[in-house]
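Subject: Handover of a structure and findings

Dear colleague,

Please find below the structure that I am handing over to you. My notes on what was found in it follow directly after.

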Amino acid sequence: MSAILEVDELSKRYADSEFALQDVSFSIPYGSIVGFIGENGAGKSTTMGSILGTLHKDGGSVHLFGEEMDPDNRNMKENIGVVFDDMKLPGDLTIAKLGNVFNNIYQQWNQETFNHYVDFFSLPHQKKISGFSRGMSMKLSVAVALSHNAKLLILDEATAGLDPSGRGELLEVLRAFGKDRERGILLSSHITSDIEKIADDLIFIKDGKILLNVQKKILMKHYAILQCEQSEFKQIDPSLIITHKSNGAMIDVLISNREQAPSEIKKKDFSIDDISLLLMRGEQT
């Protein structure tokens, strides 16, 4: 068993919306961090909700730890740590009291681990959670997710609301978690630089469809963004083209093999953010 999570042809529709997840398939290998990239409304949260069973999927399958996902399976849920941007923790409690609550919820709750992350994130033990900033609340949610011996973390915009220092702390914790060969992480974020720093694999989604699923090292080493004129565009092997977008008089083209690009066409330096923008704004071939 090489994957901690396997998603196969997942589909989901809403009665009052034209949006739909369309045959979403991917896997998360053990010991890896997978970055999930897309704009608002692309389908990231719907995919995560369908994986967890908080949303009813219309088709496809989800397997966790080699077994079909069962939202009612307590042991399976124990092994998943979840952080969503809109998570609501009981505001009338302090962190000191919150630990007691989760000790009664999770069989594998580890108060010592929880205290460690609370201190690492410099969170106040005696302040009511209702008085926490958005960033403090996100750090607390992460501390909870890491304190019941979860094997898989599913994090939706976990770096939202954090300043650069706070994001750095969180990424440090996630990087250490992901090094464990018996664990894995699915991480979505609008801050693609955060994903670029720690992800092993990248999934780009738009309008409920996965546009690209690739190892980060392969993307950065073998792919390229070409900048060319219309006449040069016609020289590019169509099988190499992932997407393209007009940029004034020029065309930006994402290709899957830089070595096979015509030598006279300019190659641009790029980041994950550049790839994301081109995929989200470009035309797929």
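Helices (H or I, at least four residues) and strands (E, at least two) are DSSP runs numbered from the N terminus.

Please note that the model is predicted: local features need pLDDT of at least 70 and side-chain atom pairs count only at pLDDT 80 or more, while totals for chains, interfaces and linings use all residues. Residues are numbered from 1 along each chain as its sequence is written, and side-chain values use heavy atoms, with hydrogens and water left out.

Helix α6 comprises 15 residues, 164-178, and its first and last C-alpha atoms are 21 Å apart, close to the expected 21 Å; the expected span is 1.5 Å times one less than the number of residues. Its buried residues are Gly166, Arg167, Leu170, Leu171, Val173, Leu174, Phe177 and Gly178. Viewed down the helix axis, the buried residues of α6 fall within an arc of 160 degrees, so they line one face; the arc is taken from the directions between the helix axis and the C-beta atoms.

Phenylalanine 177 belongs to helix α6 and is buried, at a relative accessible area of 7%. Setting aside residues up to four places away in sequence, phenylalanine 177 touches Leu146, Ala150, Lys151, Leu153, Arg183, Gly184 and Ile185.

The 12 residues of α5 should span 16 Å at 1.5 Å a residue, and the end C-alpha atoms lie 17 Å apart, which agrees. In α5, 9 of the 12 residues are buried, so the helix is mostly covered. They are Gly135, Met138, Lys139, Leu140, Ser141, Val142, Ala143, Val144 and Ala145. These buried residues pack against β6 (80-83), α3 (95-105), α4, β7 and α6.

Threonine 192 is placed in helix α7. Is threonine 192 buried or exposed? With a relative accessible area of 7%, threonine 192 is buried. Apart from neighbours within four places in sequence, its contacts are Ile37, Ile272, Asp273 and Ser276.

**Aromatic rings**

The structure contains 8 aromatic pairs. Rings of Phe, Tyr and Trp (its six-membered ring) pair if their centres lie within 6.5 Å; planes under 30 degrees apart are stacked, over 60 edge-to-face, and the rest tilted. Phenylalanine 26 and phenylalanine 36 have ring centres 5.8 Å apart and planes at 40 degrees, so this pair is tilted. Because phenylalanine 26 lies in strand β2 (residues 20-29) and phenylalanine 36 in strand β3, the pair ties together parts 10 residues apart in sequence. Both phenylalanine 26 and phenylalanine 36 are buried.

Phenylalanine 120 and phenylalanine 121 form an edge-to-face pair, with 5.4 Å between centres and 70 degrees between planes. Phenylalanine 120 is partly exposed at 28% relative accessibility, whereas phenylalanine 121 is buried at 2%. One aromatic cluster consists of Phe102, Tyr106, Trp109 and Phe114.

**The sheets**

Strand β1 (residues 3-13) joins β2 in the antiparallel sense over 7 bridges, and leucine 21 in β2 is the bridge partner of lysine 12. The charged end of lysine 12 also sits over the ring of tyrosine 14, 5.2 Å from its centre; the criterion is NZ of Lys or CZ of Arg within 6 Å of the ring centre and within 35 degrees of the ring normal.

An open sheet of 5 strands runs β14-β11-β13-β12-β15, again with antiparallel pairing. Strands β11 (residues 224-228) and β13 (residues 250-255) run antiparallel and are joined by 5 bridges; leucine 226 has valine 253 in β13 as its bridge partner.

Kind regards

Conventions:
Buried < 20%, exposed > 50% of the residue type's maximum accessible area, 1.4 Å probe, protein only. Contact = heavy atoms within 4.5 Å. Pairing = 2+ DSSP bridges.
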